Amino acid sequence: MSTMDKLVSLCKRRGFLFQSSEIYGGLNGFWDYGPLGVELKRNVKEAWWRDMVSGHDELSAPLGAPTPYEMTGLDCTIIMHPQVWKCSGHYDLFHDFMVDCRESKKRYRHDQVRGRWVTAKGQRIFVATEQAGDEGLAETQQRALKFFNLRAKDVEQLAWEGELVSLTTVEDHARILGPDAKELGTLTPPREFNLMFKTYVGALSGEEGAAFLRPETAQGIFVNFKNVLDSSRVKIPFGIAQMGKSFRNEITPRNFTFRSREFEQMEIEFFCHPVASAEWYRYWRDRRFRWYTDLGLAGERLRLREHEASELSHYSCGTADIEYAFPFLPPGEFGELEGIAHRGDFDLRSHMEGKLVRQGGELVVEQGPDGKPRHRGSGKDLSYFDEESRERFVPHVIEPSAGADRGTLAFLCEAYREDEAPDENGKLQSRVVLKLHPRLAPIKCAVFPLVKKDGMPEIAQRIYRDLKKNFNVFYDEKGAVGRRYRRQDEAGTPYCITVDSQTLTDGTVTFRDRDTLEQWRVKADDCVPELSARIR
Ligand code: GAP
């Protein structure tokens with residue numbers, strides 16, 4: 001079993017994640033968080049909000065920041081005025097290319113299919129697969145043998161041309177053997193597919209009532225920029241944060257929660273003076289990277305990848321991705337956790353003037369065939385007046401945009417370990433442990449009486465009730481204490497407290513550390529300060 005399969009099975013067994021609507025066979029691309037999962041994901045989101053917004057010190061410049069700055073938040077609706085998506089560019093441009101298979105009736109994202117060219121029996125074909133790496137090589141080989149009616153021992157009759165390449169490199173569709181097809185040429189040419197979920201507002205079911213579920217939380221921030229300025233005393237530079245659900249009708253959701261159709265984002269739009277924007281971009285790129293390392297994503301599995309100039313959006317002066325080497329990816333491949341983008345004044349201007357396009361080096365309002373703006377903006381003035389410099393300008397935006405589900409999945413992947421721990425007889429037993437950062441752990445501490453007699457449960461329950469006022473703690477008196485420890489190790493609980501016979505004589509209890517397995521004694525009355533000092 002691969003590490004990922006073991007993690008997926010642990011997530012189901014211990015109630016981190018379930019497939020949505022599972023009793024009806026599930027719905028592809030939708031996931032539910034179980035009793036432990038909901039605590040973990042809430043802790044990820046709360047850590048983000050606390051570290052970025054509510055705990056931010058506005059009076060001093062944090063490490064690497066050009067100046068002090070203010071942070072505030074918003075909670076906007078999922079369905080917004082349809083014009084928002086027309087001006088933002090999502091209505092015209094937020095699409096992926098898909099190909100359909102006429103034989104298998106399956107649909108694929110064009111850029112997610114790969115394959116390799118092979119010649120046998122005088123025929124050259126492109127064998128396509130959805131797998132990457134060694135699995136892709138093995139699958140293409142097996143399917144080529146089958147297609148050419150060859151046996152495994154005839155494998156040398158297959159003349160391969162190089163490694164797996166993307167389907168996007170193939171123009172001759174008649175030569176493609178689709179990922180689930182038996183015949184050649186069954187894939188359609190690529191077609192655009194808009195990823196926004198459409199819905200209808202009110203009783204109007206025609207285009208008049210059509211609206212979209214938001215594909216990102218960011219636009220709610222841009223369209224409220226003036227409301228925030230007018231209702232609070234924020235001054236540039238400042239950031240507005242929002243977290244919440246976003247929806248994308250992904251063509252091929254995959255890799256557990258990594259690519260879902262309903263997911264949560266944690267986004268900041270940081271507004272600054274154009275002249276200072278490059279410095280702020282670098283600050284946010286490094287600040288966000290540090291957030292992940294501080295919470296335990298360390299080592300070579302996490303990386304910061306600065307985009308090449310050719311990869312940048314038309315309005316961006318810089319973009320970096322924070323990426324993690326998820327175990328479901330082939331070795332050497334990374335998946336995006338968060339993008340940090342310098343967006344210039346693109347968004348605020350789009351919502352003022354109308355949808356913009358680049359013309360030469362300039363951003364101009366896109367014209368329709370009638371010479372009028374293709375998508376009209378709000379016409380509202382979203383510029384900023386600086387009282388001190390008496391300057392009016394449209395602020396530039398730095399956008400750190402993170403996925404709460406991808407972050408949660410990365411923290412789970414990083415935390416998953418198999419090692420050995422002694423049982424109650426001192427014999428080493430293999431164990432599965434989630435080494436989650438204490439701030440993220442769903443349960444902070446478990447409290448056990450060693451046995452269900454001699455007044456031990458009463459003392460343990462008192463400690464549990466004291467701790468429960470501040471922390472999510474768990475009480476368990478069933479079964480051998482070694483098994484109780486192991487259940488908590490699997491849930492990622494960083495500390496366990498056991499009331500034992502020594503407690504009855506000197507009033508101390510055993511504290512146990514999940515990671516080091518170290519045990520030490522603490523006065524029963526000091527459990528709250530002891531745990532507080534360790535959960536930071
Ligand atoms: N406002 C910018 C924006 O939305 P994005 O790169 O499309 O940028 C930001 O999305 C983050 O949202 C990604 O880095 C990822 O963590 C998360 N995300 C995007 N699509 C997702 C999906 N289908 N499933 C889970 N998370 C997703």
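Reader: Hi! Where is histidine 351 found?
Author: Histidine 351 is in helix H9, which covers residues 346-353. Helices here are DSSP runs of H or I with at least four residues, strands are runs of E with at least two, and both are numbered from the N terminus. This is a predicted model, where local features need pLDDT of at least 70, side-chain atom pairs count only at pLDDT 80 or more, and totals for chains, interfaces and linings use all residues. Residues are numbered from 1 along each chain as its sequence is written, and side-chain values use heavy atoms, with hydrogens and water left out.

Reader: Thanks! Is histidine 351 buried or exposed?
Author: Histidine 351 counts as buried because its relative accessibility is 6%. Buried means under 20% relative accessible area, exposed means over 50%, and partly exposed is in between, using a 1.4 Å probe and protein chains only.

Reader: And which residues does histidine 351 touch?
Author: Leaving out residues up to four places away in sequence, its contacts include Val84, Cys87, Phe222 and Leu382. A contact means heavy atoms within 4.5 Å.

Reader: New topic: strands! Which strands pair with E13?
Author: Strand E3 (residues 70-73) runs parallel to E13, with four bridges joining them. Strand E14 (residues 262-272) pairs with E13 in the antiparallel sense over ten bridges. Two strands pair if DSSP finds at least two bridges between them.

Reader: Which residue is the bridge partner of threonine 72?
Author: That is isoleucine 240 in E13. On the E14 side, phenylalanine 238 stands opposite phenylalanine 271.

Reader: How many residues of E13 are buried?
Author: Eight of the ten residues in E13 (residues 238-247) are buried, which leaves the strand mostly covered.

Reader: Last one: how many helices and strands does the whole protein have?
Author: There are 14 helices and 29 strands. Of the 536 residues, 51% count as buried, and the C-alpha trace spans about 90 × 80 × 50 Å along its principal axes.
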